[in-house]
Amino acid sequence: MPQNGWLVRGATILKVGDRLTQLDINSKNLVYISNGSGTEDSLTLSARDRAGASLDPFNIAISIL
């Protein structure tokens, strides 16, 4: 989870283990909100489809402007 902000889906702050869907991404239903305490942050995500195929966890770097 981010150290310098929050990942929000709709009105819900996501926590470790929460799920999001491709529809959340496509509909731009996710937003990162900075808590004002840094200039960088990161997320670690993993992915799995309904058939059970998965991706290893991967990092997403966030630059806070």
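Reader: What percentage of the 65 residues in the protein chain is buried?

Author: The model is a predicted one. A residue counts as buried when its relative accessible area is under 20%. Among the 65 residues of the protein chain, the buried share comes to 17%.

Reader: Is isoleucine 33 buried, partly exposed or exposed?

Author: Isoleucine 33 belongs to strand β3, which covers residues 30–34. Buried requires under 20% relative accessible area and exposed requires over 50%. Because its relative accessibility is 40%, isoleucine 33 is classed as partly exposed.

Reader: Which residues make the nonpolar surface patch of about 340 Å²?

Author: The accessible surface of the protein chain is about 5,200 Å², and carbon and sulfur atoms hold 53% of that surface. A residue needs over 30% relative accessible area to join a patch, and isoleucine 33 has 40%. The patch of about 340 Å² is formed by Trp6, Ile13, Val31 and Ile33.

Reader: How far apart do the centres of the positive and negative side chains lie?

Author: The protein chain carries 6 positive and 6 negative side chains. Its C-alpha atoms fill a box of roughly 40 × 25 × 20 Å along the principal axes. Between the centres of the two charged sets, the distance is 10 Å.

Key. Residues are numbered from 1 along each chain as its sequence is written. This is a predicted model: local features need pLDDT of at least 70, side-chain atom pairs count only at pLDDT 80 or more; totals for chains, interfaces and linings use all residues. Side-chain values use heavy atoms; hydrogens and water are left out. Buried means under 20% relative accessible area, exposed over 50%, partly exposed in between (1.4 Å probe, protein chains only). Accessible areas come from the Shrake-Rupley method with a 1.4 Å probe; for residues, only the protein chains shown count as cover. Lys and Arg count as positive and Asp and Glu as negative; His and the chain ends are not counted. The place of a charge is taken as NZ of Lys, CZ of Arg, CG of Asp or CD of Glu. Patches are made of residues with over 30% relative accessible area and no salt bridge: like charges are joined within 9 Å, nonpolar side chains (Val, Leu, Ile, Met, Phe, Trp, Tyr) within 5 Å. A salt bridge is a side-chain nitrogen of Lys or Arg within 4 Å of a carboxyl oxygen of Asp or Glu. Helices (H or I, at least four residues) and strands (E, at least two) are DSSP runs, numbered from the N terminus.
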